[in-house]
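Dear colleague,

Please find below the structure that I am handing over to you, with its sequence. My findings follow it.

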2 protein chains.
Amino acid sequence: MRPAKVPAAPAVSGPTRFDLTDFLTTRTAAVNAALAGFLPRPTAKPATIHRAMHYSLFAGGKRMRPALCLAAAAACGGEEQEAMPLACAVECIHTYSLIHDDLPSMDNDDYRRGKLTNHKVFGEGVAVLAGDALLTQAFEIVAQARGWPRYAHGQLVLEVARASGSLQLIAGQVADLEGEGKKISAAQLRYIHERKTSALLCCSTRLGGMSANCTPAQLAALTDFGYHVGLAFQIIDDILDVTQTSEQLGKTAGKDTAAQKATYPAIIGLEKSRKIAAKLTERAFGALQPFRGRAVALEALATYLLERNK
Amino acid sequence: MRPAKVPAAPAVSGPTRFDLTDFLTTRTAAVNAALAGFLPRPTAKPATIHRAMHYSLFAGGKRMRPALCLAAAAACGGEEQEAMPLACAVECIHTYSLIHDDLPSMDNDDYRRGKLTNHKVFGEGVAVLAGDALLTQAFEIVAQARGWPRYAHGQLVLEVARASGSLQLIAGQVADLEGEGKKISAAQLRYIHERKTSALLCCSTRLGGMSANCTPAQLAALTDFGYHVGLAFQIIDDILDVTQTSEQLGKTAGKDTAAQKATYPAIIGLEKSRKIAAKLTERAFGALQPFRGRAVALEALATYLLERNK
């Protein structure tokens, strides 16, 4: 295995020894530059669609999924630049899903990350197509990643397609839409969260490992980690939706309640939700044991996702 | 090269010697069976999305793109079952593009192939997601195709993604939307047709060749053929829109005119449009010369596409 390229990543474990702010700043810049390199320029003909794609892709997203992908690659001793195409592909998928979820026929949201949603700026037709284009772009980017004998392009494409497909990401959105205004159980809510959020986060960490030609044991650990971090992430999202203002979130707060969507706080209460999120994060930490201190970036990200306030 | 599996395909050329009806009947059945095998069952949870995907995918499409893909594989001496995943993937892309094009925010169509459009049955939100799911499914299927050293999965995915992306298929739809009600030139209309129709037809024949591990010369010939057949196909579509009734077409006739969309007949007249379509088909025939009589199915398809009345 080649040495990790994560700067300032000490060999000993512990998020306190790791400069996450620096990690996120540098990686966000690198991911943005890579994304800009993969996409046609905003002036490419027809300009409307490319401006719409750039608008949402560069709307200030936190790049959490790319960060998890790059951090997973580093944990496995891989080079970040080989994980970069996969990190970018996952971000394209995430952005497409937000554009479509915000449409009037779905969540009907006017603001996202403090800016008008795609369809409010470009109209519904173009917003649908911009989402389609980003989804398609994701696979074009995966096709340009480095493959290994164990993780060849067929495997990488299958990984992204399954996590984003009708049994995972899209299944979550459908179940979410269908659950609106209905009384659903904690188990059903978990079904939604697993698919709507956990699937793509888990895919991000797995792809990072694959880009580093990880061992099957490492891949299993990353899967376990990504699953639990993903669930914790969504519970925190639910909590923030009821405890923060729209200004703090950069998107409409309290809209889960307004749309009569089931959330963890609504079903089991705020305090119990916080405890479950902490417990899931603990499980995620446990999954990183096999990396013996090389997964500092992943640990720091998991802690940050639990403790964030937006 | 292995022998072609096309039954009743004589070694000498000429569409008159080829039973196209039999070819289309048997291949449509084979494609439908393969598609059903690739997709989750309509009862898979959440059932709504899978029913919506099946509804449009099995709405009686003519499977022209899969037929072109399989015929191209045969022309290169390949086995049809190795082209089948790629043929199915292209059909998933085609169906997704129809579902999204029919949305109220785009062409706002109520009928397609004589049946209610997806959003009229399942609602707009699910229709958007069903399109997304079929697009994603296409790449999941490509990942399961057979790769060759020259045409590995990275290459196959790139081929499908580029033909379907923001510079081709989606560019065509955007330009089409933006051209509504405007006076556009024949050159601009050709730009739209090349992207909206020709790109995916051309991709279909190229993928067929790739599945047969074709030579670069064969791939160039299939590209030339697909491009010209694609343009002819769309001009015929334009002509049928003004000359046939809704009942004959199974979709709303005269809607290009109603939507003030530019069409070949509107810009250069009906007779001249027919002549151009015939000329393009002739060019497509010319492109098949290198196959020396092995491209009988492709020739028969090109003739059929020119002479069809729906």
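This is a predicted model: local features need pLDDT of at least 70, side-chain atom pairs count only at pLDDT 80 or more; totals for chains, interfaces and linings use all residues.

The contact residues of chain A recur in chain B to 100%, so the same surface serves both copies. Chain A is superposed on chain B by a rotation of 180 degrees with 0.0 Å of shift along the axis, at an RMSD of 0.0 Å. This is the relation of a two-fold axis.

The contact between the chains draws 44 residues from chain A and 44 residues from chain B. On the side of chain A that touches chain B, at least two residues each come from α2 (47-57), α6 (124-142), α7 (153-164) and α8 (169-179). The helix that gives the most to this side is α6(A), with 13 residues. Sorted by class, the side of chain A that touches chain B holds 25 nonpolar, 14 polar and five charged residues.

Among the buried residues of α7(A) are His153(A), Leu156(A), Val157(A), Val160(A) and Ala163(A). The cover over the buried residues of α7(A) includes α4 (80-101), α6, α8 and α9 of chain A, and also α6 (124-142) and α7 (153-164) of chain B.

Which residues have the most contacts inside the largest nonpolar core? They are Val142(A) and Val142(B), in a core of 198 residues. Residues up to four places away in sequence aside, Val142(A) touches Pro85(A), Leu86(A), Ala89(A), Leu156(A), Val157(A) and Val160(A), and also Val157(B) from the other chain.

Leu200(A) counts as buried because it has 24 C-beta neighbours inside 10 Å, where the cut-off is 20 or more. Beyond its neighbours within four places in sequence, Leu200(A) is in contact with Arg65(A), Val90(A), Ile93(A), His94(A), Ala163(A), Ser164(A) and Leu169(A).

As to chain A as a whole, its secondary structure comes to 15 helices and two strands. Its radius of gyration is 18 Å, close to the 19 Å that the globule rule gives for 310 residues, so chain A is as compact as a globular protein of that length. The C-alpha trace of chain A spans about 50 × 50 × 35 Å along its principal axes. Buried residues make up 55% of the 310 residues. Of the contacts in chain A with a separation of 6 or more, 73% are between residues 24 or more positions apart.

Some details of the backbone may also be of use to you. Lys45(A) and Pro46(A) are joined by a cis peptide bond, with omega about -5 degrees, and Pro46(A) is in the loop between α1 (20-38) and α2 of chain A. In chain B, a cis peptide bond with omega about -5 degrees joins Lys45(B) and Pro46(B). Arg113(A), a residue other than glycine, has a positive phi near 55 degrees. Arg113(A) sits in the loop between β1 (111-112) and β2 (115-116) of chain A, and it counts as partly exposed, with 14 C-beta neighbours inside 10 Å.

With kind regards

Methods
Residues are numbered from 1 along each chain as its sequence is written. Chains are lettered from A and ligands numbered from 1 in the order in which they are written. Copies are superposed by least squares on the C-alpha atoms of residues with pLDDT of at least 70 in both. Two residues are in contact if their C-beta atoms, placed from the backbone, lie within 7 Å. Helices (H or I, at least four residues) and strands (E, at least two) are DSSP runs, numbered from the N terminus. Ala, Val, Leu, Ile, Met, Phe, Trp, Tyr, Cys and Pro count as nonpolar, Asp, Glu, Lys and Arg as charged, and the others, Gly among them, as polar. A residue is buried if 20 or more other C-beta atoms lie within 10 Å of its own, exposed if 12 or fewer, and partly exposed in between; C-beta atoms are placed from the backbone. A nonpolar core is a set of buried Ala, Val, Leu, Ile, Met, Phe, Trp, Tyr and Cys residues joined through C-beta atoms within 7 Å. The radius of gyration is taken over C-alpha atoms; the globule rule is 2.2 Å times the number of residues to the power 0.38.
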